[in-house]
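Here's a quick briefing to read alongside the model. Have the viewer open and follow along.

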Number of protein chains: 2
Amino acid sequence: MSIWEENVRKVVPYTPGEQPDFPDMIKLNTNENPYPPSPLVEKALKEMDADALRLYPAPAADALVEGLAAVYHVKKEQVFVGVGSDDVLAMAFLTFFNSDKPILFPNITYSFYDVWADLFRIPYEQIPLNEEFAIVPEDYMKENGGIIFPNPNAPTGVEMPFEEVERIIAHNPESVVIIDEAYVDFGAASVLPLIEKYENLLVVQTTSKSRSMAGMRIGFAFGSEKMIHYLNDAKYSFNSYTMNRPSLILGSAAIQDEAYFRETTAKIVTVREWTKKELKRLGFSFPDSKTNFIFATHEHVPAKELFEALKKQHIFVRYFNKPGIDNYLRITIGTEEQMKKLIAFLEQYL
Amino acid sequence: MSIWEENVRKVVPYTPGEQPDFPDMIKLNTNENPYPPSPLVEKALKEMDADALRLYPAPAADALVEGLAAVYHVKKEQVFVGVGSDDVLAMAFLTFFNSDKPILFPNITYSFYDVWADLFRIPYEQIPLNEEFAIVPEDYMKENGGIIFPNPNAPTGVEMPFEEVERIIAHNPESVVIIDEAYVDFGAASVLPLIEKYENLLVVQTTSKSRSMAGMRIGFAFGSEKMIHYLNDAKYSFNSYTMNRPSLILGSAAIQDEAYFRETTAKIVTVREWTKKELKRLGFSFPDSKTNFIFATHEHVPAKELFEALKKQHIFVRYFNKPGIDNYLRITIGTEEQMKKLIAFLEQYL
């Protein structure tokens, strides 16, 4: 190893999920939305001015921040935006988790938390879920340098009731508590209203799932003005202009269309509930999901075998080769037609 | 201060340059390109598919990385991309500058270097330029934890000759040396060929200036496969999907159009040389610029007064209220017509 390499920050890199690309595929592996973005997004795209791309975007991302503030009924000083919720979360780890005490998060959860903690040299403790794959609130009532978990949790899909989440936040006034609500729009309750009550609470959401904009990389967070100010200070010190012009324009369009949002998320919830019944009928079990995916295991057939069999049919689901969850498949909810094809194949295969 | 705030990373935030917006303005304050992006970008924008935005972009940004590799005649394993060169540079600071020894950069330079060093708690030493605003290579031949400077330097516009840059690199095999070539395409020499010779050299460029794409936030870097691998490991640990679909599509289009690139950068160089003559005639002096801006001071009239007078006419230039450069204006090269208006106003005012 050369001497310059000794000062390189070495990390175990996160491996992004497979992104297969076949014309006939049924892509149920990365929790994307099966419906296109709102027609308002297409309209805004068609009207976008190429000439304006020569100019820097607004560094405060005003159009998007003000749009989010209006849609979510908060002040613009309570809104932070980033390049996907990953950027928002990474910036929040960097900004808020600087204690010597370990931050706490579940052992089965979004696979990026330990990656960020390692990258930024943040001590952490991974707390086991209970046997029903639920987060136990009491486990988060001990000394810590910060708390983060998704609600609903991923990849389990399990929602913690609003009151329980509040109990954790109320018990931790000395730490920043981040609730990662990437999947909240598919029937779970958001703790967004609690940002008025707890100045140390950050609620993170995204346009990637419920707004069908994974390809745009637009995440956002709500918190006290104080927290958002700290986050922005760090963000401006990292990259002042994170949101490019298309993100500002198309992101603003996407969040405006409340009717389309309600219609498409409702469709996904309906198809999810149908899929749950069918999977149960075929011998699968799963924690109850409030997200756009189901985390399922079969009574006889190993998950890995099913994963491979589905793959051969160009039906892509997610398989995690990790202790404790290696007999589960995370199946994204697609269109009704896609889920019928999935169920038909499983029925014939099993 | 609440207890949770004690663990917040506190930074002196970078203040982005003013972004005025008047229909009649002449905007010469943020080094944007006065010409629109290539017609290929407009074409790609018009053909962009809104439906595809529901899907995650390719995490390795293949289309853009492969396009850059082809245009710049390097391997794709030697290319890194980010959300503007700021993202590339921030990630490079995080990845490569982890020594206890100070990193070295000029005292008058891109104002983000000390901000990143502060954000990541990197020790640093700011080395004075000489009286002609030039970087003195010998100053960078002492013990250090890394070296970074722009070439040409900003906001001075001064180019260090290729041989001198190589002398610095050759003298520092134990550190990572980053050459920030944001402005290299306006007549300076790039040290890109040296990445084959020095595995610790990173050359950073951007589409913001010479490709008229400031609004898209696309930066890139070239280096040894080893360095790019380390950078990608850190990047994937921070945010796997930094480049959104429009960036991949429009960025790829922008770098393809070599003819347009040569034509527009040549126009800017021509207008710059004309502007230099006119400014000299009016009593200005300036270090010789190889960039798309001129860093000028007047023999009688204070820079601040000129800055304010120009502002009243909606002609925006950049004024830095910092010791050593507070009698200088950084004037971006606009179109011929814009520069004629600037000179006409100055002629009448002085």
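**Overall picture**

Chain A holds 10 helices and 12 strands. Its radius of gyration is 21 Å, close to the 20 Å the globule rule gives for 350 residues, so chain A is as compact as a globular protein of that length. Keep in mind that this is a predicted model.

**Chain A in numbers**

- Laid out along its principal axes, the C-alpha trace of chain A spans about 55 × 55 × 50 Å.
- Burial first: 64% of the 350 residues of chain A count as buried.
- Take the contacts in chain A between residues at least 6 apart in sequence, and 72% of them join residues at least 24 apart.
- The accessible surface of chain A is about 12900 Å², and carbon and sulfur atoms account for 52% of that.

**Aromatic rings**

- Searching the whole structure turns up 51 aromatic pairs over all chains.
- One to look up is A:Phe238 with B:Phe238, a stacked pair with 5.0 Å centre to centre and 10 degrees between the planes.
- That pair crosses between chains: A:Phe238 belongs to helix α6 (residues 225–238) of chain A, and B:Phe238 to helix α6 (residues 225–238) of chain B.

**Helix α2, chain by chain**

- In chain A, the buried residues of α2 are A:Leu64, A:Val65, A:Gly67, A:Leu68, A:Ala69 and A:Tyr72.
- Those buried residues of α2(A) pack against β2, β7 (201–206), β8 (218–223) and α7 (245–256) of chain A.
- What comes just after α2(A)? That's A:His73, with a positive phi of about 55 degrees, and this residue is something other than glycine.
- A:His73 sits in the loop between α2 (62–72) and β2 (79–83) of chain A. Its relative accessibility is 71%, over the 50% cut-off, so A:His73 counts as exposed.
- In chain B, helix α2 (residues 62–72) has B:Leu64, B:Val65, B:Gly67, B:Leu68, B:Ala69 and B:Tyr72 as its buried residues.
- The cover over the buried residues of α2(B) includes β2 (79–82), β7 (201–206), β8 (219–223) and α7 (245–256) of chain B.
- B:His73 follows α2(B), and its phi is positive, near 55 degrees.

- Chain B has a cis peptide bond from B:Ala154 to B:Pro155, with omega near 5 degrees. B:Pro155 is found in the loop between β5 (147–150) and α5 (162–171) of chain B.
- B:Phe133 isn't a glycine, yet its phi is positive, about 65 degrees. You'll find B:Phe133 in the loop between β4 (124–127) and β5 of chain B.
- B:Phe133 has a relative accessible area of 10%, under the 20% cut-off, so B:Phe133 is buried.

**A buried loop residue: B:Ile333**

- Look for B:Ile333 in the loop between β12 (329–332) and α10 (336–349) of chain B.
- With a relative accessible area of 0%, B:Ile333 is buried.
- Which residues does B:Ile333 touch, leaving out those up to four places away in sequence? They are B:Glu32, B:Pro34, B:Ile268, B:Val271, B:Arg272, B:Thr275, B:Asn292, B:Phe293, B:Ile294 and B:Met339.
- B:Ile294 is 39 residues from B:Ile333 along the chain, with 7.5 Å between their C-alpha atoms.

Methods:
Residues numbered from 1 in each chain as written. Chains lettered and ligands numbered in written order. Predicted model: local features only at pLDDT ≥ 70, side-chain atom pairs only at ≥ 80, totals over all residues. Heavy atoms only, no water. Helix = DSSP H or I, 4+ residues; strand = E, 2+ residues; numbered from the N terminus. Rg over C-alpha atoms; globule rule 2.2 N^0.38 Å. Buried < 20%, exposed > 50% of the residue type's maximum accessible area, 1.4 Å probe, protein only. Contact = heavy atoms within 4.5 Å. Areas by Shrake-Rupley, 256 points an atom, 1.4 Å probe, with all protein chains shown as cover. Phe/Tyr/Trp six-rings, centres within 6.5 Å; stacked < 30°, edge-to-face > 60°.
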